[in-house]
Amino acid sequence: MARPNKRTTLREVAEATGLSTAAVSYALRGKHVSKETEERVRKAAADLGYEADPIARALASGRTSMVGVLAGDLQDLWQQQLMAAIGRELLAGDRYALILDAGGDPERELSLAKQLRDQRVDGLLVSPVDPSAEGWSKIADAVPVVSIGDALSRARTAGEVLFDNRAGIDAVLDYLRGLGHRRVTVLTPTGPSTPDRPADVYVREAADRLGLEVEVLPCPQELDAATAMARRVLANSPDGRRPAGLAPPTAVFCFSDSIAYGVYAAAAEASLTVGRDLSVVGFDDHPVSRVLSPPLTTLDWGLTAIAKEAARLAVAAIEGRRVRRKRILCAPRLSERGSAVAPRE
């Protein structure tokens with residue numbers, strides 16, 4: 001039976017170069033040795049097929065080069081795009097993203113965060129499903145945590161990249177009111193167990209201020225489920241309890257573009273034309289939103305900058321570097337397209 005290839009050790013590289021193992025280790029990391037010695041050691045290591053043992057390196061440094069990245073719900077296409085962008089940012093600094101999906105479940109998200117902590121990730125980036133959960137405090141005490149989207153109100157985080165939800169919601173509802181809409185349904189991915197998410201609170205405050213009749217309903221982000229919910233909204237019976245004869249909304253404001261795609265699908269089934277019979281506004285500016293017919297009016301949060309800032313804060317915390325700003329507030333930009341128009345009434 002053939003024996004598996006034996007891993008070349010650091011000691012063998014040291015013997016080949018006539019240096020101590022400590023000197024070889026420094027040379028391979030480009031520290032405390034001359035350029036000539038570094039080049040000689042690297043050539044010997046390459047000739048011998050030496051590769052650093054990641055487990056030994058982690059034990060020696062106390063770091064794994066792994067960063068946990070917790071997505072609130074990867075059914076959301078924009079979150080998929082964000083997680084991929086964060087992974088690329090971390091990889092550019094020789095760190096690796098371990099991306100996990102909470103599936104919109106706050107208990108599952110906390111459980112996954114604890115598992116990542118126990119697996120000794122160097123840091124944790126999280127898009128919290130329930131930002132007010134008590135469990136975040138202990139996790140943030142054990143590993144540097146950077147929150148994306150909403151602040152973790154009960155935890156001391158290493159950094160925050162937050163969405164200015166109040167500004168975004170004000171912009172959309174002001175815009176819809178200016179077009180003449182008075183009845184707006186808001187579809188949010190928030191579950192019944194977390195009704196106090198900042199965006200959901202802000203939308204009710206803004207509706208009261210503007211004198212709008214707004215109904216906030218939970219809606220999944222998976223396309224078929226979002227379509228089913230939108231179908232009930234457009235049929236004027238989202239939960240079977242709305243009073244008979246009450247007119248359906250003239251506009252639907254979706255707290256993710258993925259949900260908006262379900263509204264488009266349900267509208268087509270009902271022979272309604274988005275941008276004529278019904279106005280729809282999204283929240284993410286996912287690339288797909290630009291190629292819909294009509295293109296989706298939505299909020300652009302600056303995904304590239306979010307990924308860069310989140311990775312920067314996480315790496316700074318891992319390396320113990322102080323940063324000038326630990327709290328980044330992302331301002332939205334309303335992209336006006338063809339899906340929102342004056343109501344036909």
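**Briefing: an aromatic pair, a pocket and a loop residue**

Phe253 has a relative accessible area of 0%, so this residue counts as buried, the cut-off being under 20%. The model discussed here is predicted.

**Aromatic residues**
- Six aromatic pairs are present in the structure.
- In one of them, Phe253 and Phe255 have ring centres 5.1 Å apart and ring planes at 85 degrees, so the pair is edge-to-face, a label that applies to planes over 60 degrees apart.
- Phe255 is also buried, because its relative accessible area is 7%.
- Both residues belong to one aromatic cluster, which is formed by Trp78, Phe163, Phe253, Phe255, Phe283 and Trp301.

**The second largest pocket**
- The second largest pocket holds about 570 Å³ of space.
- Its lining is made of 34 residues, and Phe255 is among those that lie nearest the centre, together with Gln79, Pro189, Arg197 and Gln221.
- By type, the lining residues are 13 nonpolar, 14 polar and seven charged.
- At least two lining residues each come from helix H5 (77–92), strand S4 (145–149) and helix H9 (198–210).
- H5 gives the largest share of the lining, with three residues.

**A residue in a loop**
- Arg156 sits in the loop that runs between S4 and strand S5 (159–163).
- Is Arg156 buried or exposed? Arg156 is exposed, because its relative accessibility is 76% and the cut-off for exposed is over 50%.
- Arg156 and Trp136 are 20 residues apart along the chain, and their C-alpha atoms are 8.8 Å apart.

Technical notes
Residues numbered from 1 in each chain as written. Predicted model: local features only at pLDDT ≥ 70, side-chain atom pairs only at ≥ 80, totals over all residues. Heavy atoms only, no water. 1 Å grid on protein atoms, 1.4 Å probe; cavity = no way out; pocket = protein on both sides within 12 Å on 5 of 7 lines; lining within 4 Å. Points joined across faces, edges and corners; volume = space filled by probe spheres on them. Helix = DSSP H or I, 4+ residues; strand = E, 2+ residues; numbered from the N terminus. Nonpolar A, V, L, I, M, F, W, Y, C, P; charged D, E, K, R; others polar. Buried < 20%, exposed > 50% of the residue type's maximum accessible area, 1.4 Å probe, protein only. Phe/Tyr/Trp six-rings, centres within 6.5 Å; stacked < 30°, edge-to-face > 60°.
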